[in-house]
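Subject: Handing over the model

Hello,

Here is the structure I promised you. Please open it first, then read my notes below.

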Amino acid sequence: MKIKKCYIENFGVLSKRAFDFDSGLTEICEENGMGKSTLAVFIKAMLFGFDKNTRKDLDENERKKYKPWQKGNYGGYLDFEVKGKLYRIEKSFDDTEGDRVRLIDLASGGDTEDFDKDNLGASIFGIDEGGYEKSAYLSQRDPSCFKSDRLYTKLSDLLEEENDMGSYEDAMKLLEEAESPYKKRGGNDRITAIENEISQALSDLAAAEKHEELLSQAMPDKDALSKKLEVLEAEQKKANAEYAAAIEWEKYKRYKQAKDSYEAAIKDKSVAEATFNGKIPTSDELDDIERKLKVIDLEQSKHDEAKAELKEAQNKQNLLSAGETPEQKRIIELKELLFKEGLPAEGEIDEAIKAYRKSSDLKARLSEPLPPYKPDYKKLFLGSKVALSLAIVGVIVLIAGILIEILADRIAGKVVYAAGILSFAAGAYIVIAKYLKGKNEHSESHKKSVRGEYDIEEKKVRDFLARYGMTEKDPFEAIMQISKKLSEYVALSEKVSDEAKEAAEKIEELTLKIAEAENKIIGLKTEVSLYLRERGEEADDLYQAYKNLRDRLNIYEIRRGIEVAAKRNLENCEKPEREFEDTQQEYDTRELRQTLNKLSADIDETRKALIRLDNDIAYHTDYAAQKCYYKEKTETLKERLKKEKYYRGIVQKTKACLEKAKNNLAEKYIGEIRYAFGRYLSVVTGKKIEVLVNQELGYEIHEGGQYRDIKYFSRGYRDLFDICQRLALADALFKDEKPFLILDDPFKNLDDKKMQAANKLLAEIASKYQVIYFVCHTSRKLGLS
Amino acid sequence: MKIIHCADIHLGSALTAHFNKEVADERNNEVTLTFERLAEAARSQGVRAVIIAGDLFDQKSVKKSLIDTVLKAIAGAPDTDFLYLKGNHDKDTPFPPEDMPENLKVFGTDWTYFDYGDVTIAGVRLTKENCASVYGTLNLKAGRTNIVVMHGKLVRTSGKAPEDAVNILKLAGKNIDYLALGDYHAYQKDKLDGRGIYCYSGCLEGRGFDEFGEKGYVLLECKRGNISDEFVPFAKRSVIVLEADISGAGGQADIEKAIGTAVQGIGKENLVRVRLTGLLSPETHKGINYLTQKFADRFYYFGIKDETRVKIDYEACKDGVSLKSEFIRTVLADASLDEEQKEHIIAMGINALMGERYEL
């Protein structure tokens, strides 16, 4: 493609400006701000339009940036040639009315559809605006505007289409994410999970089929049981009918029996009733008679008892009168033995005892040691003046003697001393003799007193005993014996007296009692006898007669009871529905009952078995009913597995194809790029340059005997290398229709030497491309146009 | 006299091939309820007999509760006879039980005849043993109105037909006025011979998207020797399958619009599936899941089946200088892939380059 000319109506600072372009190199040298960059952007806008964005930053919103301040049409046209044919692209940018675009065939003057007028650049070159900017349009911005030094990345940037949101890496990442559910380890991947679900579903299906099989087996059993139940129920019905007949027969029998019994009971009762002469005794009446008979017996007993007692009392009275009682005899004996002289007076025995005790005490005192002699010491010592004087003198002389011995002469002292002792001793002797005398007198006096008393008391005791002839015995024993005998004598006398009195009273009482009893007995006997006779008992023995009557009444009561019971029994008896012949055969109801019970048990058992079987059938049915669900589930899962495997395959294949495409792309261009790049480098450096493209599509330049990363080189050289790269890319990419190159002052950073190299480069590329070279400083003019 | 002809009710189906468990269970219940409605309709309209031409149940094992429900429905219309023919699905189902209602009658493996006034209804269950001989033993009087009940696929052959097939060639000329058939789930009728017609009543309720269209029963009116038939739509819900050609759609919004147009006027109570067809650019984001969810509230059940094809501009990518073009060329050149695979891979790769996830 070659640009012929352009006309700018209004675009940025340019207004009503026309430009013609050479087919080779067109150099435009103007000052800054004159619109060189504006022209470059105009050309780009004619080919690719404006990037649709609403960013406020002017550098990012070219449409807004280059909108003319003055009024008028915002746009223009561009004439160009492609494959020998001339075209014009007219564009007018209008935010309100919308952009107007025309693509005109200049030969015919009419609109043409040879290219997409709204996307002319892509339509002609096959790359979008981005690709164009990165290859054919070298702006003032840093030439190395690629994302990295890597050729492939440059290629990717170049080759990314418009509106692509992601790159190869992003696309592969997305595909990895899509594949990741299928790559999980440990059986956690999606395929394995579905296979497990299928396995489970098959297992459940097998279980459902098993239940279906069991169900098939259960159904015939159910039929058999149902038939059995039918048969049993029929038998039961028959047995029930027979049993009912047996029950009816039993009923009839019972009723007839009860009726017969009742009639017999009535007859028996009538017979018993007739014996009472119309006066049927009551049980109460007979109880009363019995009571009366008992009373008679009791009274008779009392009577007899009283009579016996009376006789006894009379006998006793007689004895007492005769003095023949044992007690009376004993009284006489005692009198003879002891109390001939008369009985001891009241208190006499006590006196005797007292005297005895006293004499005993006195006798004991005689043999006791004397009480201690307690003299009056005051009288003893001070009562005898002689003794006292001797003692005192004796002490004084003694003391004097000691003093003389000590102070004067020993021998004299001793003499005096001895005299003192003698005096004292004499006094002491008198006192002692007085004491001894007193003691002796005390002892004699005591003994005499005691003896005297003893004799007196002793005499009293002897005199008492002598009255009753008891002197030879132990006095105390004798006294006790006398006392005892006296007590006996008195007691016996009292007793005899009481007995006599008692006997008389008793005789009187008993006589009265006997009379009363006799009267009572006679009265009762008369009453009872009359009662019994009226009711048919004539026996002399009233008790026997009563018993007979009681017996007859019992019989009558029994028979009456039997009659009542028989009547009740008859009333309670269910009246039979029908009569039976007397020749009716007996039913064995017991056997029938047993048969019925057995049938009932069998039926019950069979019903239970049926219920159990029904439950089993329901259980199996519920499970078996799930069969179609599991079957469908299995099918669905298999289908899903198939789809997942297919999807996984597609993802994997997509990844593989994308990677292959990337490699193909890189390989497709890498050789060409490397060759073109090397060639351009040679032009720039003036020598043959070896370039190495590594695996990551990074490049190294052979310099100084080895391949070196580009970072080793200076900034100026690197700028040049970038331009060479872009040119090499353009060479590789645009094979058919070469684009024009717009160089918008790309060499502003180069020194003079490198500028010369740039000149050479431009001359090289101008031979292949239409180059539009913008520059703002004459030092960078080429002078080659 | 009114007679109802229905068939293929398939009570107790799983239905999970098309729906999730919740919807499947609900639809199952609805099918049962429809049968109950049918029995009630028969009772209220004074229908003399209801012919069930096979497949009343979906499978051999059926829950007791379901059997009880069916028996109860039948017993609830004591003046209507239910003439039941077992089909291929329910031939082993233990139904009816011994204590079945009096108004439930069963066709056996020999011709079984039921007379109602001047109408005879005859039916037979085809088996391996009788499939050849059964046609020779059918005995219908010409002067009566004769209805025959059978279940199976339709064949026309003078030779031996499969044991589960109804050979209408051999039924022609047998004085049949109406051949009540079951097995095919869509209503269909045609001439049998010079006298009568055959008719598949179809099923009472569509159970999946392979059973779309109107469903119901056929009401027969027998009057003075003539028999007329009328299809009565009876399903609670219709299964509707629509096509939407979305060729050239720019994106999800366009597809949504196309679907909206397709489903316009469809009632809320129905089960709807939209088949998306046409050629789409691989870059087009279809958003099937989103659209399915968006339309789900408008119907009882809504689904989308994507049958679109990827449109590949082979010319454009032939010489295109881009990763995308190279990728497309790589895929197209791979002889190990079939066309469908190529389309999917290309669509997936291009969507991935655009940063989009592609779902089949």
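A charge sits over a ring if NZ of Lys or CZ of Arg is within 6 Å of the ring centre and within 35 degrees of the ring normal. In chain B, B:R37 lies over the face of B:F234, at 4.3 Å from the ring centre. Chain A has such a case too: A:R578 is placed over the face of A:F580, 3.7 Å from the ring centre. Please keep in mind that this is a predicted model.

Now chain B as a whole. It has 7 helices and 19 strands. Of its 360 residues, 54% are buried. Take the contacts in chain B with a separation of 6 or more: 66% of them are between residues 24 or more positions apart.

Next, a place where the two chains meet. Helix α17 of chain A (residues 627-685) packs against helix α7 of chain B (residues 339-353). The angle is about 65 degrees, and the axes are 9 Å apart. The crossing of α17(A) and α7(B) is right-handed. On the α17(A) side, the residues in contact include A:Y646, A:Y647, A:I650 and A:L658. On the α7(B) side, B:H344, B:I345, B:M348 and B:L353 are among them. The residues of this contact of α17(A) with α7(B) divide into 9 nonpolar, 4 polar and 2 charged.

On to the aromatic rings. There are 33 aromatic pairs over all chains, counting rings whose centres lie within 6.5 Å. One of them joins A:F50 and A:Y74. Their ring centres are 6.1 Å apart and their planes are at 40 degrees, so the pair is tilted. A:F50 is in the loop between α1 and α2 of chain A, and A:Y74 is in the loop between α2 and β4, so the pair ties together parts 24 residues apart in sequence. Are these two residues buried or exposed? A:F50 is buried, with a relative accessible area of 11%. A:Y74 is buried as well, at 6% relative accessibility. Ring pairs also link A:F50 and A:Y74 into a cluster with A:F11, A:F42, A:Y66 and A:F93.

Last, A:K575. This residue lies in the loop between α15 and α16 of chain A. A:K575 counts as exposed, at 61% relative accessibility. Which residues does A:K575 contact, leaving aside its neighbours within four places in sequence? They are A:K251 and A:Y255.

Best wishes

Note on methods
Residues are numbered from 1 along each chain as its sequence is written. Chains are lettered from A and ligands numbered from 1 in the order in which they are written. This is a predicted model: local features need pLDDT of at least 70, side-chain atom pairs count only at pLDDT 80 or more; totals for chains, interfaces and linings use all residues. Side-chain values use heavy atoms; hydrogens and water are left out. Axes are lines fitted to C-alpha atoms, for helices over the stretch in contact, and angles run from 0 to 180 degrees between N-to-C directions. Helices (H or I, at least four residues) and strands (E, at least two) are DSSP runs, numbered from the N terminus. A crossing is left-handed if the near helix is turned anticlockwise from the far one by less than a right angle, and right-handed if clockwise. Contact means heavy atoms within 4.5 Å. Ala, Val, Leu, Ile, Met, Phe, Trp, Tyr, Cys and Pro count as nonpolar, Asp, Glu, Lys and Arg as charged, and the others, Gly among them, as polar. Rings of Phe, Tyr and Trp (its six-membered ring) pair if their centres lie within 6.5 Å; planes under 30 degrees apart count as stacked, over 60 as edge-to-face and the rest as tilted. Buried means under 20% relative accessible area, exposed over 50%, partly exposed in between (1.4 Å probe, protein chains only).
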